[in-house]
Amino acid sequence: MIPGPLFRVLSLTAGEGLGPGPHCRRIVRLIERLLAIVGLFFIAWRLCFDFIVLTSGSMGPTLQGTSFQSGDRVVVEKISRWFRSPRRWEIYFLYDAEGTPVAKRIVGLPGEKISLKDKRLFVNGREVPRPPQLKSLVYYAYGNLKAGQEFDCGQAYYVMGDDSRDSYDSRFLGAVAQEQLRGRVWLIIWPISRCRWVTPGGN
């Protein structure tokens with residue numbers, strides 16, 4: 001026969017072994033909360049931001065890279081498009097006709113007619129001054145802008161690469177609908193030597 005005090009100790013010990021103790025339950029709850037926070041962060045990131053690697057040199061020197069190994073690592077923000085339309089000179093991320101992620105600068109807005117004369121941009125027949133940071137860019141009159149032709153943007157956006165000698169853009173593809181513009185190029189995060197904000201007028 002087991003003495004009373006010893007019996008009570010054994011009973012408590014056996015009962016504690018039937019399930020997790022308070023300390024174990026706290027750890028489980030902490031893990032659950034951390035997983036929930038990580039899940040919410042991931043959802044918020046997918047809704048508000050994107051991440052691309054520049055594999056085309058068409059936006060040089062603003063954005064650089066000709067391959068996955070050498071391309072700028074760029075953060076794209078999708079928040080501003082919820083509150084306003086894209087603006088002239090901003091750089092937007094989109095997919096080209098082959099499904100490749102590319103970045104292009106907006107030069108023409110819906111309702112405008114675009115033309116190039118002496119490598120200068122004209123909108124509805126009037127020259128549009130460029131931001132000071134873009135004065136060195138040269139826009140070549142190729143495709144639907146050659147020989148002084150005028151292009152009607154309709155309800156879409158006319159986009160061009162900063163290195164317009166080697167850019168497959170609206171001069172060949174036509175204007176781009178707003179839903180094709182996935183987000184505004186916002187920040188270069190790699191390489192460290194080029195880490196900077198991407199401003200509408202260039203870096």
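**Figure 1. Lining of the largest cavity by residue class.** In this predicted model, 6 nonpolar, 1 polar and 3 charged residues make up the lining of the largest cavity. The lining consists of Leu94, Asp96, Val102, Lys104, Val159, Tyr168, Asp169, Ser170, Leu173 and Val176. Strand E4 (101-108) and helix H3 (170-173) are the elements that contribute two or more residues to this lining. The space in the largest cavity is about 40 Å³.

**Figure 2. The second largest cavity.** Glu90, Ile91, Arg184, Val185, Val198, Thr199 and Pro200 form its lining. By class, these lining residues are 4 nonpolar, 1 polar and 2 charged.

**Figure 3. An aromatic pair of tyrosine 140 and tyrosine 142.** The structure contains 6 aromatic pairs. In the pair of tyrosine 140 and tyrosine 142, the ring centres are 5.7 Å apart and the planes lie at 25°. Planes under 30 degrees apart count as stacked, so the pair of tyrosine 140 and tyrosine 142 is stacked. Tyrosine 142 has a relative accessible area of 33% and is partly exposed.

**Figure 4. Charged side chains over phenylalanine rings.** Arginine 73 sits over the face of phenylalanine 68, at 4.9 Å from the ring centre. Lysine 117 is placed over the face of phenylalanine 122, and here the distance from the ring centre is 5.0 Å.

Technical notes
Residues are numbered from 1 along each chain as its sequence is written. This is a predicted model: local features need pLDDT of at least 70, side-chain atom pairs count only at pLDDT 80 or more; totals for chains, interfaces and linings use all residues. Side-chain values use heavy atoms; hydrogens and water are left out. On a 1 Å grid over the protein atoms alone, a cavity is a set of points where a 1.4 Å probe fits but cannot get out, and a pocket is an open set with protein on both sides within 12 Å along at least five of seven lines; lining residues have an atom within 4 Å of a point. Grid points are joined across faces, edges and corners, and a volume is the space filled by probe spheres set on the points. Helices (H or I, at least four residues) and strands (E, at least two) are DSSP runs, numbered from the N terminus. Ala, Val, Leu, Ile, Met, Phe, Trp, Tyr, Cys and Pro count as nonpolar, Asp, Glu, Lys and Arg as charged, and the others, Gly among them, as polar. Rings of Phe, Tyr and Trp (its six-membered ring) pair if their centres lie within 6.5 Å; planes under 30 degrees apart count as stacked, over 60 as edge-to-face and the rest as tilted. Buried means under 20% relative accessible area, exposed over 50%, partly exposed in between (1.4 Å probe, protein chains only). A charge sits over a ring if NZ of Lys or CZ of Arg is within 6 Å of the ring centre and within 35 degrees of the ring normal.
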